[in-house]
Amino acid sequence: MSANPTRDPLAGWRPLRLTRDLARVGADGRRLQRSVASGESIRLRRGVVVDAGNWVDVADDARYLLRIRAVAATRKSVPVFSHQSAAVTWGLPIIGRWPGPVHLMAAGRAGAHSKNGVIWHHDRLRDDDVVEVDGMLVTSLIRTLVDLACTTSFLSAVATLDHGTGRTLVTAMGRPVGGVSREEVLERLASEGRRRGARTALKAALFSAVRSGSPGESLSRGQIHLCGFPAPELQVVFIATEGQRDIVDYRWRQTQESRTLSLVGEFDGQVKYTRSQFTAGRSIEQIVWAEKIREDRLRAQGNGMARWTWDVALRADRLRALLLGAGLRPER
């Protein structure tokens, strides 16, 4: 995931259309149902649709944000979004697809039961656990980080914590906000006591690293750890003979029986080749050629190279095989 502070992921979309709004002005609410049947609209939840437009091209996070807005528009009272629903609002990444259901905090409502695309959480909220972000009430950043760390996998928790600690975030609607420190997350986890998932959350928090450059790099680093390979250095700078400055995602220097291995690792996400803030107006061919020249510079300094994409990062067995083939050896 890559945040762009100038981009609203819902830009260009018409507002949500609600059956109840049509009824208030004496229009036939069944018109929205017919528009869904004809393919002109997408049904987000009962009584809420949005123009279909180029729906197939809408990113997964933007679709989830629309479902969140649809839930907010149909609640009788102002809801408090939590877990993945708060995460996408804050601009935090997860590993995997965004969920179908929307997550809400019950805040003492005993009769709130999970159904109709809404999951209610009955955990206790502190006074400072609820804040307003982009016009919606969500769990605070630190509460959101802790909730996700306790309820998602180690790999996803690492990606979320890497992004949410020690740096400025950009919310889904493009607003910069300050992050929290890893120490604050650890203190909050300690204060939670014996909570389900706390052990995994603590492991992920201790493993998190602000120097990780992207969710794909965080995922890869977690897989590298689980595969038993030594921890790499992150964001290492190499200066070429002609003064070029190259920053790599990972670097290992491993003493082996007959040599010292110097290996550079690079996670290649698609955004490097498609997003305007990375391409700087260059064509894909120009970017690929520049990457080749850059790799030649790094190899000329005695480094081996290992490169992989999302497909490999998501599969521990494939990443392990790739690194073994590059000469790296597990240490545990």
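**Sheets and helix contacts in the predicted model**

Strand β12 is linked to strand β13 by a hairpin of four residues; helices and strands here are DSSP runs (H or I over at least four residues for helices, E over at least two for strands), numbered from the N terminus. The structure is a predicted model, in which local features need pLDDT of at least 70 and side-chain atom pairs count only at pLDDT 80 or more, while totals for chains, interfaces and linings use all residues. Residues are numbered from 1 along each chain as its sequence is written, and side-chain values use heavy atoms, with hydrogens and water left out.

A word on confidence comes next. The predictor's confidence in each residue is its pLDDT, on a scale from 0 to 100. For this protein the mean pLDDT is 87, and 87% of the residues reach 70 or more. Residues 1–7 stay under 50, and the model has 15 contacts for them beyond four places in sequence, a contact meaning heavy atoms within 4.5 Å. The pLDDT is also below 50 over residues 271–279, a stretch with 21 contacts in the model beyond near neighbours in sequence.

Two strands are said to pair if DSSP finds at least two bridges between them. In general, the strands of a sheet pair through backbone hydrogen bonds, either parallel or antiparallel.

β11 and β12 run antiparallel and are joined by six bridges, and Leu234 has Tyr250 in β12 as its bridge partner. These two strands also form a hairpin, with five residues between them, and Gly243 in the turn has a positive phi of about 95°. The next pair, β12 and β13, is likewise antiparallel and joined by six bridges; here Trp252 is partnered by Leu263 in β13. Finally, β13 (residues 260–267) and β14 run parallel, joined by five bridges, and Glu266 stands opposite Arg307 in β14.

Ser220, Gln223 and Ile224 of α9 make the contact with Ala316, Leu319 and Leu323 of α14. By class, these residues are four nonpolar, two polar and no charged, where Ala, Val, Leu, Ile, Met, Phe, Trp, Tyr, Cys and Pro count as nonpolar, Asp, Glu, Lys and Arg as charged, and the others, Gly among them, as polar.

Another helix pair is formed by α7 (residues 182–192) and α8 (residues 198–207), whose axes come within 10 Å and cross at roughly 165°. These helices are therefore roughly antiparallel to each other. On the α7 side, the contact involves Arg182, Val185, Leu186 and Leu189, which meet Ala201, Leu202, Ala205, Leu206 and Phe207 in α8. Eight of the contact residues are nonpolar, none is polar and one is charged. Phe207 and Arg182 are 25 residues apart in sequence, with 9.8 Å between their C-alpha atoms. Beyond residues up to four places away in sequence, Phe207 touches Phe154, Val158, Arg182, Arg221, Gly222 and His225.

A further open sheet has three strands in the order β1-β3-β2, with antiparallel pairing. Its edge strands, β1 (17–18) and β2 (41–45), each pair on one side only. Two bridges join β1 to β3 (residues 48–51), and Leu18 has Val48 in β3 as its bridge partner. Helix α3 (residues 60–74) lies across β1, β2 and β3, running at about 60° to β2.

Notes:
Axes fitted to C-alpha atoms, helices over the stretch in contact; angles between N-to-C directions. Parallel < 35°, antiparallel > 145°, perpendicular 65-115°, else oblique.
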